Structures are given as C-alpha cells and as structure tokens.
Amino acid sequence: MSSVPPKSEQRVSEAPPSDRRSADRIDVTWSVDCETEDTFLFANITNISEVGIFVRTDEPLEVGTRLTLKFAPPGSHDTLVLTGQVAWVNPIRMLASNPNPGMGVRFIDLTQEARERLIEAVRTIAYVRSSSN
C-alpha cells in the first residue's frame, strides 16, 4: 500500500515559498537529473539551501515521492548524488498565472560527506555573491 496520498489530497501550499523555509535559499540555475524507480526527469534547480532545492518543472512529482538527485555546482567536477523527497508542489494552474511551477524537494538520508559537500557548495556561492555586491 502506498504512503503517498491521492493527488486530490496532496498538500499544495498556498503560502509563499519564503514562509516554508527553514534555511536561507540561494537563487541558482543548475541542471538536475531527478530519478525515481519509474521516472526520469531532467529539469533545473532554481534555488538551493542546505536542506533542499526547488526544481522548476511543468510536471512535478507527487508530494512524498522519494527521488535521487544528480547535479554539479558550476566549477565542480564532482556530481552530487543525493536523496530527496518532494515536500510541496507548486502546480500549473489552468487559466491562472503561475510563473514558477515545480516542486520543493527536501534532502533526506544524507551521508556526512554529502552533507559537508552540499554545505560547502551553498556557502561558497553565498560568499562569492556577497563579496561581489
């Protein structure tokens, strides 16, 4: 039996994304491969933090879906391979304006090494951007 609620019962938050965040996010445009057991999605990360990412896509996965994320920060030769879970969805709304459809993905089950690499990447971007302003 699946633990993912039917699509009609999925949590689709109406709160602005900034109200749902427990960590500061940094705007980026990085390619990401999102894989589940039966789905492969090539999309873009539009922001990242130490706890999750927003994946810009017109076809977000269902809330609760576990997925493997593969991406490499610019300038890095090592691809990060992380596990995540869809925490919320910003769906396409027919006949309404929604300039940013996609899904918020929370990182889960990170190894200590993966967490350290992720934190280093996020902090490096934040430092570079704050130094250039």
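The legends below describe close-up views of a predicted model.

The model is predicted, so local features need pLDDT of at least 70 and side-chain atom pairs count only at pLDDT 80 or more, while totals for chains, interfaces and linings use all residues. Residues are numbered from 1 along each chain as its sequence is written, and side-chain values use heavy atoms, with hydrogens and water left out.

**View 1. Helix α1, residues 112–132.** Helices (H or I, at least four residues) and strands (E, at least two) are DSSP runs, numbered from the N terminus. The 21 residues of α1 reach 30 Å from the first C-alpha to the last, close to the 30 Å expected at 1.5 Å a residue; the expected span is 1.5 Å times one less than the number of residues.

View 2. Buried means under 20% relative accessible area, exposed over 50%, and partly exposed in between (1.4 Å probe, protein chains only). Ala114, Leu118, Ala121, Val122 and Ile125 are the buried residues of α1. An α-helix has 3.6 residues a turn, so residues three or four places apart point the same way.

**View 3. Pro73 in the loop between β4 (66–71) and β5.** Pro73 is buried, its relative accessible area being 11%. Leaving aside neighbours within four places in sequence, Pro73 is in contact (heavy atoms within 4.5 Å) with Trp30, Leu80 and Ala121. A distance of 10.0 Å separates the C-alpha atoms of Pro73 and Val32, which are 41 residues apart along the chain.

**View 4. The aromatic pair of Phe54 and Trp88.** The structure holds two aromatic pairs. Rings of Phe, Tyr and Trp (its six-membered ring) pair if their centres lie within 6.5 Å; planes under 30 degrees apart count as stacked, over 60 as edge-to-face and the rest as tilted. Phe54 and Trp88 have ring centres 5.4 Å apart and planes at 25 degrees, so the pair is stacked. Phe54 lies in strand β3 (residues 52–56) and Trp88 in strand β5, so the pair ties together parts that are 34 residues apart in sequence. Phe54 is buried at 3% relative accessibility, and Trp88 is buried with a relative accessible area of 10%.

**View 5. Asp109 in the loop between β6 and α1.** Phi of Asp109 is near 50 degrees, a positive value in a residue other than glycine. At 58% relative accessibility, Asp109 is exposed.
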